[in-house]
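Please look over the protein shown here before reading on.

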Amino acid sequence: MAALPTFSSACSLPRSLPVPPARSRRSGFRCGSIFGDNEDYYVDEPESAGDGFFFSGGKYSDGPSRSDEWFAQGKMVKAYPVYGGKGKAKDPVFGLTLGAGSQSEADLFRWFCVEAGSSLNPKVILVHGFPSQAYSYRKVLPVLSEDHHAIAFDWLGFGFSDKPQPRYGFDYTLDEYVSALGSLVDVLVPDKFSLVVQGYFSPVVLKYASCHQEKLTDLVLINPPLMENHVKLPSSLALFSNFLLGLIISQDPLSASDRALTSCGPYMMKEEDAMVYRRPYLTSGSSGFALNALSGAMKKELKAYVEAMRTTLASETWKTRTTICWGMRDRWLKYDGVEEFCKASNHKLVELAMAGHHVQEDSGEELGRIISQIISKRK
């Protein structure tokens, strides 16, 4: 039996520079097109050329959109150093140089973060699942903001955060995500805080948390891959890990965003919300490349990470108060065994009868109230 990954490797993480001011809406999204460096475009205009070989852009909005409104609520934060200096990122199949949207800056990656509530209140960080965005917490943030300072962010490769081409600054391995999270947390929250994470990024966050229990007040896991039958990605996500088929499918904004999101639960998504999730794939081929790379990493590494998470949560050294919230209509992860594991490990379990895998999307206000009650109660 292969040895489980040790969580000690995440304990030494790079520190980052202070938070810079937010980028302007125009300059922050200006990219070079595939037709030459002299032909620039803006991805927030009604017509865009795209920045990758596979997706050439198209008309997706006639004016201000919900995506614009969401972006206006947040800010860009720099954290986690860009490694190496391997030149301009290129298309993985044809070797064409990608546009600025797929290129990394020379120093630190840019993360999109949205905050709600007074900075004087207790801190809680909300971590979205795979594949998703911080936008999924839009209904949770107002509820938590009443008594807490809540922060949601887009992972590298998702939403408005940087999407470096694999092998040109970030390779999308799970260990890299652990270290990157530590770097971001050091910038966002200098003191104690609570962590909330949903779905397949739960083992990544747990690995970080296992080395930093002294910083945590509470951990809330939402439909995490917890059981032995959770270690394989569902087919709707696993297909992205196929090199050629995955590259093709991930360049389709419908397949790569809202179709993947709605395949795991009982509800359809409103068009205005679906457009927010599609937007990264409409405006840059780099979003699809990131999805391919992370799907491949999940396929290889998820089993070991899930086993390590189970071991940690069941160990006597795990002291952080932990709650597992479970959407009972999850089509990806079976509920069998979850209740028994929580009882055996002495972790609180909260069931949400009407929610699917992405609980914050399906029952955002209810989840917000539950999280607020959990992290407000002190023993």
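Angles under 35 degrees count as roughly parallel, over 145 as roughly antiparallel, 65 to 115 as roughly perpendicular and the rest as oblique. This is a predicted model, in which local features need pLDDT of at least 70 and side-chain atom pairs count only at pLDDT 80 or more, while totals for chains, interfaces and linings use all residues. Residues are numbered from 1 along each chain as its sequence is written, and side-chain values use heavy atoms, with hydrogens and water left out.

**Helices α3 and α4**
- The axes (lines fitted to C-alpha atoms, for helices over the stretch in contact, with angles from 0 to 180 degrees between N-to-C directions) of α3 (residues 174–188) and α4 (residues 202–210) come within 9 Å and cross at roughly 60 degrees.
- The two helices, α3 and α4, are therefore oblique to each other.
- In α3, Leu174, Asp175, Tyr177, Val178, Leu181, Gly182 and Val185 meet Val204, Val205, Lys207 and Tyr208 of α4, where contact means heavy atoms within 4.5 Å.

**Helix α1**
- In α1 (residues 66–73), Ser67, Asp68, Trp70 and Phe71 are buried, that is, under 20% relative accessible area, whereas exposed means over 50% and partly exposed lies in between (1.4 Å probe, protein chains only).

**Whole protein**
- Helices (H or I, at least four residues) and strands (E, at least two) are DSSP runs, numbered from the N terminus, and the protein has 13 helices and ten strands.
- Of the 379 residues in the protein, 58% are buried.
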